[in-house]
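Subject: Handover of a structure, with notes

Dear colleague,

I am passing the structure below on to you, together with the notes I made while going through it. Please read the notes with the structure open beside them.

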Amino acid sequence: MVRTFVALLIPPGWAAHLGSLSADLSARTRGLSWVKPENLHVTLRFLGNLDEDAVVRAGVSVAESAARVAAPAARLGPLSAFPNLARPRVLWVGLSEGEADVAALAAAVDEGLRGSGFGPPDRPFRAHVTLARVKEGARGLETLRDAVFREPPPRTPLDRVAVMKSDLHPSGSRYTAVQEVRLRPPDR
């Protein structure tokens, strides 16, 4: 069985910005499990543990559904958390621009997956990049609400979608693209 999800891959400038943000936040807090910069992405759909045939079927479905969608142009937004910054369990950065277009891409991918026999998603889609998971007993979380950060990179086309597998290792999760699809340029 392969732990599988569909990701909207982020450009290097976003990864560098978010890596810097994570390093700054890590210096202020204790007890958070940080996502490695090379693993940062927007999850379009989590699929769970799939057998090899289902992974192939997911790849075909994503390739077909994503090929019909233009690359959304988006910009990183503010720091936030699930359920909220007052009681964070997951720290993330949302989008300040392009959220509706990313949601439309997620809907197209989800529709294709449903047509290929995959059930509905576990949760409603919310465009975000997860930075960290908060462990029990974490400290310094109060500094998150008032943190000020440098300006994010400009609005950028997000043109790569991938079916990803997640392998757990002692050093943390490793994500590998099983199939990658390049989206057509954004509509003008």
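The notes below go from the whole chain to single residues.

This is a predicted model, in which local features need pLDDT of at least 70 and side-chain atom pairs count only at pLDDT 80 or more, while totals for chains, interfaces and linings use all residues. Residues are numbered from 1 along each chain as its sequence is written, and side-chain values use heavy atoms, with hydrogens and water left out.

Overall fold

The protein has 3 helices and 9 strands, where helices (H or I, at least four residues) and strands (E, at least two) are DSSP runs numbered from the N terminus. Along the sequence these elements follow the pattern β-α-β-β-α-β-β-α-β-β-β-β. The radius of gyration, taken over C-alpha atoms, is compared here with a globule rule of 2.2 Å times the number of residues to the power 0.38; for 188 residues a compact globule would come out near 16 Å, and the protein's 17 Å agrees with that. Taken along the principal axes, the C-alpha atoms fill a box of roughly 45 × 40 × 25 Å.

Of the 188 residues, 46% count as buried, where buried means under 20% relative accessible area, exposed means over 50%, and partly exposed is in between (1.4 Å probe, protein chains only). The protein exposes about 9,900 Å², of which carbon and sulfur atoms supply 51%; the areas come from the Shrake-Rupley method with a 1.4 Å probe, and for residues only the protein chains shown count as cover. Among contacts (heavy atoms within 4.5 Å) between residues at least 6 apart in sequence, 79% join residues at least 24 apart.

Helix α2

Helix α2 (residues 52–66) has 15 residues and should span 21 Å at 1.5 Å a residue, which agrees with the 21 Å between its end C-alpha atoms; the expected span is 1.5 Å times one less than the number of residues. The N-terminal end of α2 is capped by D51, a side-chain oxygen of which lies 3.2 Å from the backbone nitrogen of D53. Within α2, the buried residues are A54, V55, A58, G59, S61, V62, S65 and A66, and what covers them includes β1 (2–9), β3 (41–50), α3 (99–115), β8 (160–169) and β9 (172–182).

H41 and T130

H41 lies in strand β3 and is buried, with a relative accessible area of 13%. T130, in strand β6 (residues 129–139), also counts as buried, at 17% relative accessibility. Although H41 and T130 are 89 residues apart along the chain, their C-alpha atoms are separated by 7.6 Å. Leaving aside neighbours within four places in sequence, H41 is in contact with F5, A7, L8, I10, H128, V129, T130 and Y175, whereas the corresponding contacts of T130 are V35, L40, H41, V90, L91 and W92.

Both residues also make polar contacts, meaning a pair of N or O atoms within 3.5 Å; within protein, one must be able to donate a hydrogen and the other to accept it, and residues adjacent in sequence count only if both atoms are side-chain atoms. The side chain of H41 reaches the backbone oxygen of N39 at 2.7 Å and makes a polar contact with the side chain of T43 at 2.8 Å. The side chain of T130 makes a polar contact with that of H128 at 3.4 Å.

Salt bridges

The structure holds 8 salt bridges, each being a side-chain nitrogen of Lys or Arg within 4 Å of a carboxyl oxygen of Asp or Glu. One of them joins D24 and R28 (2.9 Å, N to O), which are 4 residues apart in helix α1 (residues 12–28) and therefore separated by about one helical turn. D110 and R114, with their closest N and O atoms 3.0 Å apart, are likewise 4 residues apart, in helix α3; D110 is buried at 13% relative accessibility, while R114 is partly exposed at 43%. R45, D110 and R114 are linked in a network of salt bridges.

R182 and D159 form a further salt bridge, the closest N and O atoms being 3.1 Å apart. R182 lies in strand β9 and D159 in the loop between β7 (156–157) and β8, so the pair ties together parts that are 23 residues apart in sequence.

A cis peptide bond

Most peptide bonds are trans. The bond from F82 to P83 is cis, with omega near -5°, and P83 sits in the loop between β4 (73–82) and β5 (90–97).
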